[in-house]
Amino acid sequence: MMDEDQILVIEPRQGLDILKGLASEIRVEILLLVQKRSRNINEIAQALGMAQSTIATNVMVLEKAGLIRTESIKGKKGMQKICHPVYREMVVKLKGEEPQQSRDDIVEVEMPIGLYTRYNVTAPCGLCSAENIIGYLDVPSSFLDPARMKAGLIWFETGYIEYKFPNNSLYKERPVTGVEFIAELSSEVPGTNKEWLSDICVSINGIKIGIWTSPGDYGDRRGKYTPTWWKLEGSQYGLRKSWRVTPEGSFIDGVKISDITLADLSLEAHHSITIRIGVEESADHVGGANIFGRGFGNYNQDLILRILF
């Protein structure tokens, strides 16, 4: 079933594979058909007046792009492939103007994902570096292991990981226009499941900024930077998400999610900026979290905090 609230926000530079999947009139017509109801390959071919082989080829492209999901079920004449929609709505966000800010207008800090200052997690959980597992799997006390400083991947089911960034806004005599937090994240399930929803919450200075519902835990292909020793059955990559707080409100990937503003963060009252990533037990979708850092995933970056002036 499609989540009725599931919206895909596409950033062109990061979503070229998705845009290529959409770059066909046939594939767009297939998407429009399955939005109305799930259909098998034969039904789609009949509706569009095309050969089954043509439809099957285009369905494979859509499936690879993550725009539909398929399942094989037993039919009257053998197995049949059923096509289901994944997203109710897709939005292409053109954000080309943002990087035009000068270096003097941005102070950026990249925090290794293993340098957290507090944690409270439940199993399944664990962490690993680009070379090996750190501590023991599914043992929360392993998060105290000093080797966590080298972590490139952290996962847990519920709870939180908390980081303290330096509050560099105190040392510039200029007004702050925004605070942005960027991370590569996904859901977490034993093995992987690209349709495993999870409500991942980010808080800044104890103020809940907003929840992003992760579509799944991705293991369909190896992450661009994920080491070869890491089993393919494990989480491979996430989605790069941005939480931004401005005087006008809070945004995820440019889409407004709440009325929390910069004033609510009380930056001037803190020498550090506290960021918490968590999955609450009371969430609608308790599907865990993977946090990807350098040496894992698709972006080879740790956690980024930007203060905009």
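Visitor: In which hand does helix 2 pass helix 3?

Guide: Keep in mind that we are looking at a predicted model. Here, the crossing of helix 2 past helix 3 is right-handed. On the helix 2 side, Ile26, Glu29, Ile30, Leu33 and Val34 make the contact, and helix 3 brings Ile44, Ala47 and Leu48. Sorted by class, that contact holds 7 nonpolar residues, 1 charged and no polar ones.

Visitor: At what angle do helix 2 and helix 3 pack?

Guide: An angle from 65 to 115 degrees counts as roughly perpendicular. Helix 2 (residues 25–36) and helix 3 (residues 41–48) pack at about 115 degrees, their axes 11 Å apart, and so they are roughly perpendicular to each other.

Visitor: Which residues of helix 3 are buried?

Guide: Buried means under 20% relative accessible area. In helix 3, this applies to Ile41, Ile44 and Ala45. They lie on the same side of helix 3, because their arc around the axis is only 100 degrees. Their cover includes helix 2, strand 2 (39–40), helix 4 (52–64) and strand 4 (78–85).

Visitor: How do the axes of helix 3 and helix 4 cross?

Guide: They cross at roughly 115 degrees and come within 9 Å. This crossing of helix 3 past helix 4 is right-handed. Ile41, Asn42, Ile44, Ala45 and Leu48 of helix 3 meet Gln52, Ile55, Ala56 and Val59 of helix 4. By class, the contact of helix 3 with helix 4 has 7 nonpolar residues, 2 polar and no charged ones.

Conventions
Residues are numbered from 1 along each chain as its sequence is written. This is a predicted model: local features need pLDDT of at least 70, side-chain atom pairs count only at pLDDT 80 or more; totals for chains, interfaces and linings use all residues. Side-chain values use heavy atoms; hydrogens and water are left out. Axes are lines fitted to C-alpha atoms, for helices over the stretch in contact, and angles run from 0 to 180 degrees between N-to-C directions. Helices (H or I, at least four residues) and strands (E, at least two) are DSSP runs, numbered from the N terminus. Angles under 35 degrees count as roughly parallel, over 145 as roughly antiparallel, 65 to 115 as roughly perpendicular and the rest as oblique. A crossing is left-handed if the near helix is turned anticlockwise from the far one by less than a right angle, and right-handed if clockwise. Contact means heavy atoms within 4.5 Å. Ala, Val, Leu, Ile, Met, Phe, Trp, Tyr, Cys and Pro count as nonpolar, Asp, Glu, Lys and Arg as charged, and the others, Gly among them, as polar. Buried means under 20% relative accessible area, exposed over 50%, partly exposed in between (1.4 Å probe, protein chains only). The arc is that of the directions from the helix axis to the C-beta atoms.
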